[in-house]
Amino acid sequence: MKINFTLWRTSITGGVRVLFEVARGLAERGYEITITAIGGDHTWFSFPENVEINYVKTRRVAKLFFPLRLIVEKIKGKNKTKWNSCWV
């Protein structure tokens, strides 16, 4: 079975560490694991050989979220409400 975990970053944090431990455990049981992230550094953790780690370029991710941002801005303009959003 193939499993993909998607993260924003692979930095040294508790949640990422837990996910890496789960990925390693599943890989040791024969699952094909892929971890996809926008950035970070995974060299602080040792993985089995059957774990693949991919980093997506930020520009590609921005293209995915740009249409969503337009929708949010359109809704904001119509409703005249304040939105607390974190779009960059």
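Trainee: How many residues apart are Glu 21 and Arg 17 in helix α1?

Mentor: Helices (H or I, at least four residues) and strands (E, at least two) are DSSP runs, numbered from the N terminus. Glu 21 and Arg 17 lie 4 residues apart in helix α1 (residues 14–28), so about one helical turn separates them. This is a predicted model: local features need pLDDT of at least 70, side-chain atom pairs count only at pLDDT 80 or more, and totals for chains, interfaces and linings use all residues. Residues are numbered from 1 along each chain as its sequence is written, and side-chain values use heavy atoms, with hydrogens and water left out.

Trainee: Which residues are linked in a network of salt bridges?

Mentor: A salt bridge is a side-chain nitrogen of Lys or Arg within 4 Å of a carboxyl oxygen of Asp or Glu. The network links Arg 17, Glu 21 and Arg 24. Glu 21 pairs with Arg 17, closest N and O atoms 3.2 Å apart, and with Arg 24 at 3.1 Å, N to O. The count is 2 salt bridges.

Trainee: Is Glu 21 buried, exposed or partly exposed?

Mentor: Buried means under 20% relative accessible area, exposed over 50%, partly exposed in between (1.4 Å probe, protein chains only). Glu 21, at 33%, is partly exposed; Arg 17 is also partly exposed, at 41%.

Trainee: In what order do the strands form the sheet, and is the pairing parallel or antiparallel?

Mentor: Strands of a sheet pair through backbone hydrogen bonds, either parallel or antiparallel. Two strands pair if DSSP finds at least two bridges between them. Here 3 strands form an open sheet, ordered β1-β2-β3, with parallel pairing. β1 (2–9) and β3 (51–55) are at the edges, each with a single partner strand, so one side of each lacks a neighbour in the sheet.
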